[in-house]
Amino acid sequence: MSQTNTRPQWSSRWTFILATTGSAIGLGNIWKFPYIMGEQGGAAFVVVYLASILFIAMPIMMAEIMLGRRGKANPITAMSRLVEESDASSIWKLIGWLGVAAGAIILSYYSVIAGWVIEYVRLTGLGGLTSLSSGEISTQFTDLLADPMTMLLWHTIFIVATVVIVARGVSGGLELATKLLMPVLIVLLLVLLGYSIAKADFAAGLNFMFAFEPSKITYEVVLSAVGHSFFTLSLGMGAVMVYGSYLSPNTSLLQVSLAVVAADTIIAILAGLVIFPIVFSFSLEPGVGPGLLFITLPTAFSQMIGGAFWGTLFFVLILFAAWTSAISLTEPVAAWVQEKFSTTKTVAACVVGFIIWLLGIATVFSFNDWAFSFNFLGVEKSDGLFDVFDILTSNIMLPLGGVLIALFAGWGMKRTISTQELQLPDSWYNLWYFLVRFVSPVAVIIVLLFLLFGPLFSGD
Ligand code: PHE
């Protein structure tokens, strides 16, 4: 237990909230949420999304932070301690392994995408996107994907930047980085919002995002809301767990989870209010994923007065959001290497960074030399190992990790322990307990089945 006593801690619950929010806010908030909200029922979608965040994802978030804080170690060690403490089956240890493995795999491709963002900071910053036609902009993106060396360079730089932060430890690294990056991120977002309100077609953006269209809420929309609420909060992969392991025992888990959930949702909505007015003011079609960030928006920036400036701000914003998420993906793996092999954080972070960098090479070449196509349950995929990693983690490992966390907290762990950790009034505790025992696992299992077998039935 002596190791437990010297374990670093966040200097306050605010830094925990800030760091966890930094993990939560990422590409999911910027390239996915605004679009699914606009496409899938606007304000009506928000109601469904809020319900799934509050009743399905947040109880799991509280459970995941609780497991980390109680286990006081990296996810793998923490889970073995907790299993022992509750005399539970060893099968639950899978939670730790899944988390660490998913974190490493996700980071390997997340870093390559973050590398594209760096390339776009460079392109916009140097004015390389000014006055190009939309065809030229889209060729530029295709050219980037066909150029593994440029991708490798930025992937390397991004991994190094992430490793440097993780190597510096909790207070000198994670805390310092989030304290510097998050305020900048928020200021950038607000400045861009100012632009969208003053100069772009704000009314069209508002209308796209908030038109209340309950008829668009199908069961698929509900499932995508649940799936997304889960990904956007970084659940099920040890990131939130390891951050929880540095949290002081008397912090209210309900309060901190609520704060993270609120911040994540507000920022996702604000990101949409920045993006869509810009897209609509240039009569472009909104879209989702890489096309939105690397083709649609650059097209708008290239035609906009002062586009080089606004475009650079925008890509720096995304880069910072991706960086704080990447840090949280590295930390569980690095903490495990450090604690398992009793080495320093610097050595652990470098070893982990190197392995993830190597793994990332598979993604770098997935878009060019090593590209291959395959059929995933009826859906054609053409980006080789990148698609394999993405399916494996987003469709399988994350939801599975989430279900297991809920089930362990609700069924595997002794009830006295969760009562003691959560310190909630009885009625609140009972609500949480009911949600993690029944509601969250059932909902996530349905999503998991849908993600795996839904494409078979969708007819496309
Ligand atoms: N939550 C991040 C997003 O919304 C993604 C992420 C998942 C980051 C898991 C870290 C861990 O983009």
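**Reading the model step by step**

A: Helix α11 is followed by Ser234, whose phi is positive, near 60°. Helices (H or I, at least four residues) and strands (E, at least two) are DSSP runs, numbered from the N terminus. This is a predicted model, in which local features need pLDDT of at least 70 and side-chain atom pairs count only at pLDDT 80 or more, while totals for chains, interfaces and linings use all residues. Residues are numbered from 1 along each chain as its sequence is written, and side-chain values use heavy atoms, with hydrogens and water left out.

Q: Is Ser131 buried or exposed?

A: Buried means under 20% relative accessible area, exposed over 50%, and partly exposed in between (1.4 Å probe, protein chains only). Ser131 has 61% relative accessibility, so it counts as exposed. Ser283 has 68% and therefore also counts as exposed. Thr124, in contrast, counts as buried because its relative accessibility is 3%.

Q: Where is Thr124, and which backbone oxygen lies 2.6 Å from a polar atom of its side chain?

A: A polar contact is a pair of N or O atoms within 3.5 Å; within protein, one must be able to donate a hydrogen and the other to accept it, and residues adjacent in sequence count only if both atoms are side-chain atoms. Thr124 is in helix α6, and the backbone oxygen in question belongs to Tyr120.

Q: How many residues has helix α11, and what is its reach?

A: The expected span of a helix is 1.5 Å times one less than its number of residues. Helix α11 (residues 219-232) has 14 residues and reaches 20 Å from its first C-alpha to its last, close to the 20 Å expected at 1.5 Å a residue. Its buried residues include Val221, Leu223, His228 and Phe230.

Q: How many aromatic pairs does the structure hold?

A: A pair of aromatic rings is described by the distance of the centres and the angle of the planes. Rings of Phe, Tyr and Trp (its six-membered ring) pair if their centres lie within 6.5 Å; planes under 30 degrees apart count as stacked, over 60 as edge-to-face and the rest as tilted. The structure holds 36 such pairs. For Trp116 and Phe141 the centres are 5.4 Å apart and the planes at 80°, so this pair is edge-to-face. It links distant parts of the chain, with Trp116 in helix α6 (residues 94-125) and Phe141 in helix α7 (residues 134-145), 25 residues apart. Both Trp116 and Phe141 are buried.
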